[in-house]
Amino acid sequence: MTHDLWALLAVLGLGIVHLGLSSVLSLVQLGPGYILSARDVAREPTGVPGRVARSYRNLLESLPQFVGALLLVHASGSAGELAGIGAWMFFFGRLIYVPAYAFAGPGVRPVCWMVAQIGVIVIVVDLFIT
């Protein structure tokens with residue numbers, strides 16, 4: 001398996017852990033009664049649980065770009081070293097994004113997000129130079 005596909009596997013694992021963390025923190029804050037209900041009245045977690053939940057939703061927004069970029073380079077036969085570098089940039093950017101969103105001061109979270117997005121761009125660049 002190529003380096004970029006290992007990074008994809010790592011991102012999928014991160015997503016699973018991130019969803020679990022978000023779910024547990026939301027359960028603790030909102031209570032099992034709300035979590036098990038039909039949720040006709042919307043409630044959002046606040047504080048750290050809310051930030052973790054929002055960071056998970058942000059992962060879901062950027063994940064299709066990442067997967068799409070990897071699909072393009074592999075389908076075109078262009079997957080090279082840059083695809084691996086970009087994929088790992090995406091993974092580490094997203095990995096650090098979670099604690100940055102939950103605990104870091106202003107400015108840290110956007111830098112982590114930008115590292116991940118630049119990783120997607122690096123993957124796409126592999127289409128044009130390989």
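## The largest pocket

For the classes used here, Ala, Val, Leu, Ile, Met, Phe, Trp, Tyr, Cys and Pro count as nonpolar, Asp, Glu, Lys and Arg count as charged, and the others, Gly among them, count as polar. In this predicted model, the lining of the largest pocket, sorted by these classes, has 7 nonpolar, 3 polar and 4 charged residues.

The volume of the largest pocket is about 250 Å³. It is lined by 14 residues, of which S22, S26, R39, A53 and R57 are the closest to the centre of the pocket. Two or more lining residues come from each of the elements α1 (3–30), α2 (32–36) and α3 (47–75), and α1 gives the most to this lining, with 5 residues.

## The nonpolar core

The largest nonpolar core is a set of 16 residues, and those with the most contacts inside it are V11, F66, L70, A87, F90 and I123. The elements that give two or more residues to this core are α1, α3, α4 and α5, with α3 giving the most, at 5 residues.

A87, which is one of the residues with the most contacts inside the core, can be followed in more detail. When its neighbours within four places in sequence are left aside, A87 is in contact with D4, A7, F66, L70 and I123. Among these partners, F66, L70 and I123 are also listed with the residues that have the most contacts inside the core.

## Helix α5

## G93 in helix α4

What is the relative accessible area of G93, and is this residue buried or exposed? G93, which has its place in helix α4, has a relative accessible area of 4%, and because buried means under 20%, G93 counts as buried.

G93 and G77 are 16 residues apart along the chain, and their C-alpha atoms are separated by 26 Å.

Conventions: Residues are numbered from 1 along each chain as its sequence is written. This is a predicted model: local features need pLDDT of at least 70, side-chain atom pairs count only at pLDDT 80 or more; totals for chains, interfaces and linings use all residues. Side-chain values use heavy atoms; hydrogens and water are left out. On a 1 Å grid over the protein atoms alone, a cavity is a set of points where a 1.4 Å probe fits but cannot get out, and a pocket is an open set with protein on both sides within 12 Å along at least five of seven lines; lining residues have an atom within 4 Å of a point. Grid points are joined across faces, edges and corners, and a volume is the space filled by probe spheres set on the points. Helices (H or I, at least four residues) and strands (E, at least two) are DSSP runs, numbered from the N terminus. A nonpolar core is a set of buried Ala, Val, Leu, Ile, Met, Phe, Trp, Tyr and Cys residues joined through side-chain atoms within 4.5 Å. Buried means under 20% relative accessible area, exposed over 50%, partly exposed in between (1.4 Å probe, protein chains only). Contact means heavy atoms within 4.5 Å.
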